Amino acid sequence: MGAGAALFDYDNDGDLDVFLVQSGTLEPGSKPGASGGRLFRNDLEKQKLRFTDVTEKSRILANRYGMGAAVGDINNDGWPDLYLTNLGSNQMYLNKGDGTFEDVTKSTASDDPRWSTAASFFDYDRDGWLDLLVVNYAEFSVTNSPNCYAPTSARDYCTPRVFRAPGNRLFHNRRDGTFEDVTTAAGVDKEFGHGLGAIAADFDDDGWIDIYIANDGDPNQLWINQKNSTFKNDALLAGAAVNRDGKTEAGMGVDAGDFDASGTDDIFVTHLMEETNTLFTNVGAAVFEDRTREAGLGMPGRRFTGFGTLFFDYDNDGWLDLLVVNGAVQLLPELIRKGDPFPLGQPNQLFRNTGNGRFVEVVEQAGPSFQLLEVSRGAAFADVDNDGDTDVLVTNNNGPARLLLNQLGSRNHWLGLRIVGKNRRDMLGAGVDVVIRKNQILRRRVRADGSYLSSNDPRVLVGLGSTTQVEAVRVRWPDGNLTEFKAPPVDRYTTIKQ
Amino acid sequence: MKPALCFFCLLCVSVICTAQAITWPDLSQLEPDVRDQIKSQQDILISTIKDTQSTTAKLSAAYGAMGEIYHAYSLTAPARECYLNANTLAPKDFRWIYLLAKLDQLEGRVEDAIRRYRTVTSLQPELVAAFVNLGNIYLELDRLEDARANYATALQKDANSPAAHYGLGQVALSQREYAEAVDHFEKALTLAPDANRIHYALAMAYRGLRNPEKAKLHLAQQGPVGVRVADPLMDRLVQLVEGARVHLIRGKLALEAKRYEEAAAEFRKAIEARPDSVPAHVNLGAALTQLRDLKGAAEEFSKAIAIDPNNANAHYNLAVLLANEKQHQQAIVHLQAVSRINPTDVGAQVFLAQQLLHAKRPDEALKLAQSLYSTTRSLQHGALVGSALAELGRCGEAAEWQRKLIARAVEEHNDELQVKLTTDLQRYESCRP
């Protein structure tokens, strides 16, 4: 199932460090996750990358069966904190600002002892403090694991439907170093699903952050923020719960972004092979249409099982592209026939946005790593070498993580923004409109969530193509205020403070 | 994995020069019934190959039959090899081309699938399924006019094809021709009323027509059963399948479609094939529950537990039946088993607490409810604490507890629960049961 990764600047030195989540084997009597998650410090110098394993020094002890990672500054001290989801109790690590972390799971009351997968920090009540959504997958334990079979009748991995869906959890930040479980109060316990992906974004463009949850085999949920600390799931009528055929699909990774420059956030969800990865186009006010096949994403997705994914502009041409990392969940007969001891490997895929509502798969341009057959799961996105384009960290089951450095994007112009609050906290959820010129506005948002079990660069990197000037940047702060900044410099990162 | 048999290569040279060597899949991991069935078909194929009197037609049929068995069990790579040989030996036999096209479609070999379906439509123009499949592929490729043409041809061949109407509805929906989409979806639904997934498509079409009431009406009826095209060749594959697992899958599909009699029949066949199949017993129990054969259902859950005492679903389902029969003490035994097997199953623990209350064991119910509430902080679980306190005669404490919960419910705008809690509070205040 797992695991993901986080790209975050834990030491506030201006470059993105790496946390790799580890799962492990899961058999009766085995010690899951014995190898433990690892933190690597990025010692970037003159765009030359070097990573140092600082796990022990950081005091992060992530030796459980790890699933995912979420990053957010829970105490507004300007230092990003780390939340780890596990099969079993989760872990909240408070960044002390001196290179070390403290396990504050208990004192913050932010644990969920079930099988947690995705997590997302966002400020749903506009009080200036990050709340936390934790998504759970299945009521599973090693002792209640039944035998499951492939269509051939051979033993195989079980589908999630074998296990009951546990429900998700929403924690409200009490601003005193603790969280309150408001799952019931917020109404998000009214629907269940085998959740794997989560994204927080303002889908109906009303200035309040909503939640979208991708479920594996159950209808996805679109929790619309009712502006009174409650949410209402409106996914079915909104057209974002199931595919256009009315079928529930095996939702894994998810992302939201304005791929068609219409001014609204669209949704992309990755799925099992023989299903499509599905593109839900937001036609306004959180009304979605499944336009997967119109976008050219239908057939290419059927061949593989997709996990991590993100809308990102790999070539900095101003249009959000898509990357999907793949790896099967049920044994692949053709690899079994070849004697592959881990017959689940599939290649990853890069799709270029052609700017007319369509995507084309670009295997040749993507590089040799896209020819590999690996069991990819997480994908974290960030400009790791600060050269103005988005790089990707891919995690693989039973294989090494791979850091894919983008060698293309920096050939075009770009705008890099770090949007922070008064305490230098990344303002997750802030909307950013980049006004290139009148009637040409690129809409982005500050976020770290999305993809699959991973945490991404909170900075906003906007491709400008050949454009060398930007008229203005408008920031819609999570508290509802709007600020405009004139003519920000291009081809460099600029920090915008509230 | 065994390589192609050597004698076959020799025969290939001397008798059938066009057939290619095939690989023999590893069957060791398959269910014994399935393995035996495949092996016996392999034996037939081998003897047909060895028989120097075998005609080309006979050999083609043997390869085709072998391919069908593989295909039925999703052994697609060896199925393809066999179909290719069958097709080479009998190029005018549309069956093998059609089944190859199905494999192409499944594996995303779109151009091959189109080419083969087209060949099928020229060899067997009355096979509606080929036109519908072509339409589906074109639809997926967003080649809407090609899709429309093939669905239309399918309707010319069979005016009552729900799959063709559904496809045309999807084409219209893609083009945002909502009224036309409604028309086709309504026709499809009339022809295939069990296909409740059509309701979703109808809902989206009505939404497009800005008729949210009708959209909601259809969303309330939508379900998992899709439209099927009449497909004799694929139906034949389904009939070939034997073994417990396959009946189990068919039974589950029937259960999802609320065809309970059919589901029960499939689960019984699964038990016949494998008497110790726990899922078959559990699912048969579920189907019988729906058919109101509660005695039979309880027997099936008990059999499942006898085979696997750690099957939480069997324990839980049996507990539900027992609870409905007001046999609370016995229900408790099974719910305690569920909690032991799966300690994180909150739903089972809530149910257990309720049964403890029914069984007049409020002290245990209180302890469990308090533990649940401390973990979940859920108001519903808090209400159980109040009930247990009242049941213990600690009405004052129950009322005080209830008032706190009501305050929280008000704070959280949980009107529905607030009403229930208030009703219970009145009972606690007057210390009525």
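1. Terms and basis. Two residues are in contact if their C-beta atoms, placed from the backbone, lie within 7 Å. Helices (H or I, at least four residues) and strands (E, at least two) are DSSP runs, numbered from the N terminus. This is a predicted model: local features need pLDDT of at least 70, side-chain atom pairs count only at pLDDT 80 or more, and totals for chains, interfaces and linings use all residues. Residues are numbered from 1 along each chain as its sequence is written, while chains are lettered from A and ligands numbered from 1 in the order in which they are written.

2. Confidence. The predictor gives the complex an ipTM of 0.92 and a pTM of 0.82. Per residue, its confidence is pLDDT, on a scale from 0 to 100. Chain B averages a pLDDT of 90. In chain B, 95% of the residues score at least 70. Residues 1–17 of chain B stay under 50. For that stretch the model has 20 contacts beyond four places in sequence.

3. Chain A overall. Chain A has seven helices and 36 strands. Its radius of gyration (taken over C-alpha atoms) is 21 Å, close to the 23 Å that the globule rule (2.2 Å times the number of residues to the power 0.38) gives for 498 residues, so chain A is as compact as a globular protein of that length. The C-alpha trace spans about 65 × 50 × 50 Å along its principal axes. Of the 498 residues in chain A, 60% are buried. Here buried means that 20 or more other C-beta atoms lie within 10 Å of the residue's own; exposed means 12 or fewer, and partly exposed is in between, with C-beta atoms placed from the backbone. Among contacts in chain A with a separation of 6 or more, 56% join residues 24 or more positions apart.

4. Start of chain A. A cis peptide bond joins A:Gly2 and A:Ala3, with omega about 0 degrees. A:Ala3 sits in the segment before strand S1 (5–8) of chain A. In S1(A), A:Ala5 and A:Leu7 point one way, and A:Ala6 and A:Phe8 the other way. All four residues are buried. S1(A) runs antiparallel to strand S2 (residues 17–20) of chain A, and four bridges join them. Two strands count as paired if DSSP finds at least two bridges between them. A:Ala5 has A:Leu20 as its bridge partner in S2(A).

5. A covered strand. Strand S5 (residues 66–72) of chain A is mostly covered, with seven of its seven residues buried. S5(A) pairs with strand S6 (residues 81–86) of chain A in the antiparallel sense, over six bridges. Within this pair, A:Gly68 stands opposite A:Thr85 in S6(A).

6. Two backbone angles to check. A:Arg175 is not a glycine, yet its phi is positive, about 70 degrees. A:Arg175 lies in the loop between strand S13 (169–173) and strand S14 (179–181) of chain A. It counts as exposed because it has 12 C-beta neighbours inside 10 Å. A:Ala261 also has a positive phi, near 55 degrees, in a residue other than glycine. Its loop runs between strand S19 (254–257) and strand S20 (266–269) of chain A. With 16 C-beta neighbours inside 10 Å, A:Ala261 counts as partly exposed.

7. A helix in chain B. Buried residues of H17(B) are B:Ala297, B:Ala298, B:Glu300, B:Phe301, B:Lys303, B:Ala304 and B:Ile305. Their cover includes helix H16 (278–290) and helix H18 (312–324) of chain B.

8. B:Ala297 belongs to helix H17 of chain B. It counts as buried because it has 24 C-beta neighbours inside 10 Å. Leaving aside neighbours within four places in sequence, B:Ala297 is in contact with B:Gly285, B:Leu288, B:Thr289 and B:Leu321. B:Ala297 and B:Glu31 are 266 residues apart in sequence and 26 Å apart in space, C-alpha to C-alpha.

9. The interface. The contact takes 37 residues from chain A and 42 residues from chain B. On the side of chain A that touches chain B, helix H3 (183–186), helix H4 (235–238), helix H5 (298–302) and helix H6 (333–337) of chain A each supply at least two residues. That side divides into eleven nonpolar, twelve polar and 14 charged residues. Nonpolar covers Ala, Val, Leu, Ile, Met, Phe, Trp, Tyr, Cys and Pro; charged covers Asp, Glu, Lys and Arg; the others, Gly among them, are polar.

Definitions and conventions:
pLDDT is the predictor's confidence in each residue, from 0 to 100.
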